[in-house]
Amino acid sequence: MDDGALRTLAGDAGSPDPLVALRAVAQMRRELDRHEATVVRRARNANASWQLIALCLGVTKQAVHKKYGRA
């Protein structure tokens with residue numbers, strides 16, 4: 001998703017219509033989850049440690065490894 005689409009969703013998230021806002025928030029969450037996974041993969045490919053990635057995301061090393069590590 002491009003920056004313009006995210007801006008549109010962010011604007012819709014502030015809508016006075018709560019249903020419009022909820023749909024926008026849900027879509028933003030899905031898009032941000034996808035983007036986070038891509039960026040984590042890029043960081044790992046650049047040899048970033050799980051600890052450093054976790055620090056950037058504000059979670060524990062175990063949490064980020066569980067979510068994105070290979071089984």
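Of the 71 residues in the protein chain, buried residues make up 15%. The model is a predicted one, and its secondary structure comes to four helices and zero strands.

**Fold and overall form**
- Read from the N terminus on, the elements of the protein chain follow the order α-α-α-α.
- The radius of gyration of the protein chain is 15 Å, whereas a compact globule of 71 residues would have a value near 11 Å.
- Taken along the principal axes, the box filled by the C-alpha atoms of the protein chain is roughly 40 × 20 × 20 Å.
- Among the contacts in the protein chain with a separation of 6 or more, 22% are accounted for by residues 24 or more positions apart.

**E31 in its setting**
- E31 lies in helix α2, which covers residues 18-45.
- E31 counts as buried because its relative accessibility is 12%, and buried means under 20% relative accessible area.
- When residues up to four places away in sequence are not counted, E31 touches M1 and L6.

Note on methods
Residues are numbered from 1 along each chain as its sequence is written. This is a predicted model: local features need pLDDT of at least 70, side-chain atom pairs count only at pLDDT 80 or more; totals for chains, interfaces and linings use all residues. Side-chain values use heavy atoms; hydrogens and water are left out. Helices (H or I, at least four residues) and strands (E, at least two) are DSSP runs, numbered from the N terminus. The radius of gyration is taken over C-alpha atoms; the globule rule is 2.2 Å times the number of residues to the power 0.38. Buried means under 20% relative accessible area, exposed over 50%, partly exposed in between (1.4 Å probe, protein chains only). Contact means heavy atoms within 4.5 Å.
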